[in-house]
Structure formats: C-alpha cells, structure tokens
Amino acid sequence: MIIPYFMTTIIFNKPYGVLSQFTDEGTGHPTLKDYIVVPNVYAAGRLDRDSEGLLLLTDDGALIKRLTDPKHHVEKTYWVLVEGEPTQEALSQLENGIKLKGYTTQPATARLIPSPCLPPRSKPVTPHGPTSWLEIKLREGKKRQIRHMTAAVKLFTLRLVRVAIGPIQLDDLKLGEWREISSEEIKKLQGR
C-alpha cells in the first residue's frame with residue numbers, strides 16, 4: 001500500500017534577533033526550533049538575524065528553488081526604516097540598480113510609505129536624525145542586499161521587515177507565530 005505524502009509549507013513571522021535556521025551553531029541566539037515544531041521544513045531564503053518578518057518554510061525542494069532562484073522573478077516586499085529623508089534621485093537609484101561589490105542589483109521598486117503599524121522591536125531602534133519608511137520590492141535576494149543598497153544612497157537601514165513573498169503576505173500573523181498555508185496559496189506561489 002502506498003501512503004500519500006503531502007508537502008508541508010508554512011509561513012513564520014520571524015522576530016528580530018532570531019536566526020533563520022534550526023541550529024545556533026554555538027552562537028547562543030534563538031533559532032527557528034524555539035518557535036516551530038514542524039519537522040523537516042527548511043527556509044526558502046533567509047532573513048538575517050537583524051531582520052524581521054515573513055519567512056517561508058517548506059519540505060518541497062522544487063518550491064524552495066522557485067522562490068530563491070532569481071530567474072523565476074518572485075517578488076519580495078520589504079518595509080524599511082531608514083535614517084534620512086530620501087530624495088527622488090535616491091529612490092530612482094534604488095529602482096534602477098545599485099552597483100555593489102562585484103555586481104549591480106536588478107531593477108526594484110522603491111517608494112516612501114507612511115509609518116506602518118508594527119509591534120515594537122525587542123531592541124529599540126535609536127536613530128541619530130530624521131527617519132523615513134520605504135517599501136522596497138525585489139526580485140532577487142543577495143546577502144544583506146537592502147542594507148547595502150540603502151547605504152549606497154546614504155540612507156542607513158535601521159529596521160527591515162519582509163511583509164510579502166509573491167502573493168503571500170504577513171497580514172495579521174503575530175510576531176513569533178506561524179501558520180500552514182493553503183493549497184490555493186501554494187498554487188499562487190507555484191505560478192499556477
């Protein structure tokens with residue numbers, strides 16, 4: 001008798017300071033195992049320890065490849081608190097691509113947004129001047145890319161929250177909580 005196997009895919013609202021992996025490798029930082037009890041799922045992309053928000057985990061290798069390979073153009077949406085007041089020129093630079101160490105970022109979208117309603121961060125943000133919130137949408141995701149992009153236009157990232165991967169959004173998922181996504185959401189992620 002063949003037992004059917006159903007893929008598991010969840011989204012998690014990762015808090016600040018949590019590693020996007022299940023082992024801490026001696027760092028002493030909290031990890032996914034402190035929040036998620038679902039076996040055999042892996043992060044489809046990462047958020048660095050200082051970033052917050054939507055993390056998608058699955059045991060579906062094909063879905064991980066689709067979400068992390070830039071050739072599939074799956075858009076990720078971030079809310080970014082920066083120190084400074086962005087000019088139109090800075091926003092245009094972010095949108096047209098920034099030259100970073102060894103590569104130029106792909107075109108993105110960047111716009112000013114009103115302060116979003118977010119829970120306070122466990123380690124408060126301490127700006128040294130005026131701040132602004134940006135919404136940045138990328139179709140790639142290199143290590144600490146948004147932080148490097150904003151720094152290149154003299155806007156230093158103070159807080160970074162991923163709020164969407166493709167059509168999947170954080171919505172009302174509370175900080176530190178996770179939920180399984182529906183089969184309809186899976187189809188949308190797969191581009192069907």
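The largest nonpolar core in this predicted model has 27 residues, and Leu57, Val80, Leu94, Leu134 and Ile136 touch the most other members. A nonpolar core here is a set of buried Ala, Val, Leu, Ile, Met, Phe, Trp, Tyr and Cys residues joined through side-chain atoms within 4.5 Å. Buried means under 20% relative accessible area, exposed means over 50%, and partly exposed is in between, with a 1.4 Å probe and protein chains only. At least two residues of this core come from each of β1 (9-14), β3, β4, α2 (88-96), β8 and α3. Helices (H or I, at least four residues) and strands (E, at least two) are DSSP runs, numbered from the N terminus.

Take valine 80 from that list. Leaving out residues up to four places away in sequence, valine 80 touches Ser132, Trp133, Leu134, Ile136, Ile146, Thr150, Thr157, Arg159 and Leu160. Contact is heavy atoms within 4.5 Å. There is also a second, separate core of 15 residues, with Ala44, Ile64, Leu170 and Leu173 among them.

A word on the basis. This is a predicted model, in which local features need pLDDT of at least 70 and side-chain atom pairs count only at pLDDT 80 or more, while totals for chains, interfaces and linings use all residues. Residues are numbered from 1 along each chain as its sequence is written, and side-chain values use heavy atoms, with hydrogens and water left out.

Now the charged pairs. How many salt bridges does the structure hold? There are nine, each a side-chain nitrogen of Lys or Arg within 4 Å of a carboxyl oxygen of Asp or Glu.

Arginine 159, one of the contacts of valine 80, forms a salt bridge with glutamate 52, with the closest N and O atoms 2.7 Å apart. Glutamate 52 is in strand β3 (residues 52-58) and arginine 159 in strand β9 (residues 156-165), so this pair ties together parts 107 residues apart in sequence. Are the two partners buried or exposed? Glutamate 52 counts as buried at 3% relative accessibility, and arginine 159 counts as buried at 9%.

Glutamate 75 pairs with arginine 139, the closest N and O atoms being 3.4 Å apart. These two sit in loops, glutamate 75 between α1 (61-68) and β4 (76-83), arginine 139 between β8 (131-138) and α3 (145-152), 64 residues apart. Glutamate 75 is partly exposed at 23%, as is arginine 139 at 35%.

Lysine 187 and glutamate 184 form a salt bridge at 3.6 Å, N to O. Both are in helix α4 (residues 183-189), and because they are three residues apart, about one helical turn separates them. Finally, salt bridges with shared partners join Asp48, Arg144 and Arg147 into one network.
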